[in-house]
Amino acid sequence: MPQPRGVSRQTPTTSLLRIFSVATAFLLTPALAQKKVTAPFVDQETGISFQRFFGAKTGFGFGIALPADTASLSANSFIGQLTFPLVNGAGWGGWSLTGDMEGPLLMVAWSDGKGGVISSFRQAFNEDDNPPEVTGTFSVKPIASATATNNTFLTYSFLCEGCLDAGFGLGPGVASTEMGWALASTAVRNAATSAGVLGFHNSGFGGFQADLAAARSAEFDTWAALADATPLPAAAGAREFALDQAGGSGATTGGGATTGGGATAGGGGDDSDDDDSDDD
Ligand code: HEM
């Protein structure tokens, strides 16, 4: 008798075996299911090759690209790209140089309501208050050609100069480290200035493993040249970053980090993990 297409003949025993093997695979791979790591991602607008964390559940992404030469003048800089959904233009997203919120250098970004992005360096001293805006030896230069917002999405590409320092939570030359992310769907208060007040990251937050060795590329300086010439100023009232509070990892150089030579191709970068909201 002809079989309907796509239906294979199964005995009860083979069906049971299949159910058993699928169930076993789930039981044996909890560690894999939890893994949140960066993967290669190429920005179509600029051709920049990032190592990118992407949360399938929230749609939050953070990509990082580094210079190949860990001893060069630009070794303490990186190119970052934040991508995340907005709700009627509202919300904010950010990265942390470590897997923690309290202490390390943070950056948050939100829409300016006119197609652009406002970003701000922050440092959190507790988990209750809006982390204040901070200044220091770091600065940010937007990459305008790969920065845009609309009502539902934000893309922010930027050169973060002098942002890698063990004193900020992550130094240059580290091969792999845990970084952090956060996403909120609620509006920033006083959103017109970079000192805007943030509420809790109600859409998700957590850590991910950043493969920094693979984020290195000989093309870094070419990509960095796409950034604006002038760094963004902090709003009046920003306080000095408190080095003694930063804690975190990355105090050592991770020894023998190699030049990843630049991740090529590969459009993906999904963490294939729908458990990207650390809400336990
Ligand atoms: C008013 C603003 C904020 C509030 C009230 C807040 C609150 C909190 C709370 C309560 C936790 C711990 C939750 C738990 O362990 O169960 C947490 C964790 C976290 N937050 Fe925030 N947060 C804020 C802003 C930020 C910002 C701006 C960032 C980064 C740009 C950030 C990144 C993180 C990360 C990575 C964690 C996980 C690691 C940790 O527990 O320290 N947060 N936050």
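Two strands pair if DSSP finds at least two bridges between them.

**Entry 1: ground rules**

The model is predicted, so I note that local features need pLDDT of at least 70 and side-chain atom pairs count only at pLDDT 80 or more, while totals for chains, interfaces and linings use all residues. Residues are numbered from 1 along each chain as its sequence is written.

**Entry 2: the chain overall**

I found three helices and 15 strands in the chain. For burial I count the other C-beta atoms, placed from the backbone, within 10 Å of a residue's own: 20 or more is buried, 12 or fewer is exposed, and in between is partly exposed. On that scale, 44% of the 280 residues count as buried. A contact, for me, is a pair of residues whose C-beta atoms, placed from the backbone, lie within 7 Å. Among contacts between residues at least 6 apart in sequence, 71% join residues at least 24 apart.

I started with the hairpins. Strand 1 (39-42) and strand 2 (49-54) pair in the antiparallel sense over four bridges, and Val 42 stands opposite Ser 49 in strand 2. Six residues lie between the strands of this hairpin, where Gly 47 takes a positive phi near 80 degrees.

Strand 2 also pairs with strand 3 (residues 61-67), antiparallel and over four bridges. Here Phe 54 has Gly 61 of strand 3 as its bridge partner. This hairpin, too, has six residues between the strands, and Gly 59 has a positive phi near 80 degrees.

How many residues of strand 2 are buried? I get six of its six. Ser 49, Gln 51 and Phe 53 are buried on one side, and Phe 50, Arg 52 and Phe 54 are buried on the other, so both faces are covered.

**Entry 3: Glu 45**

Glu 45 lies in the loop between strand 1 and strand 2. Glu 45 counts as partly exposed because 15 C-beta neighbours lie inside 10 Å. Leaving aside neighbours within four places in sequence, I see Glu 45 in contact with Ser 145 and Ala 146. Glu 45 and Ser 145 are 100 residues apart along the chain, yet their C-alpha atoms are separated by 7.0 Å.

Next I traced an open sheet of five strands, with the order 7-6-5-12-13 and antiparallel pairing. Strand 7 (117-122) and strand 13 each have a single partner strand, so one side of each is left without a neighbour in the sheet. Neighbouring strands are turned by 20 degrees against each other on average, direction ignored; the axes are lines fitted to C-alpha atoms, for helices over the stretch in contact, with angles running from 0 to 180 degrees between N-to-C directions. Strand 5 and strand 12 run antiparallel and are joined by five bridges. Ser 96 stands opposite Gly 180 in strand 12.

**Entry 4: around the ligand**

Which of the 23 residues around the ligand come nearest? They are Gly 94, Met 101, Glu 127, Gly 180 and Ala 182. The elements giving two or more residues to this shell are strand 5 (92-96), strand 6 (106-111), strand 12 (176-184) and strand 13 (204-211). Strand 5 has the largest share, three residues.

**Entry 5: two asparagines**

Most residues other than glycine have a negative phi, so I checked the exceptions. Asn 88 has a positive phi of about 50 degrees and lies in the loop between strand 4 (78-85) and strand 5. Asn 88 is exposed, with 9 other C-beta atoms within 10 Å. Asn 190 has a positive phi near 55 degrees and sits in the loop between strand 12 and strand 13. Asn 190 is exposed as well, with 10 other C-beta atoms within 10 Å.

Not counting residues up to four places away in sequence, Phe 78 touches Ile 64, Ala 65, Leu 66, Cys 160, Cys 163 and Leu 164.

Terms used: A residue is near a molecule or strand if its C-beta atom, placed from the backbone, lies within 6 Å of it. Two residues are in contact if their C-beta atoms, placed from the backbone, lie within 7 Å.
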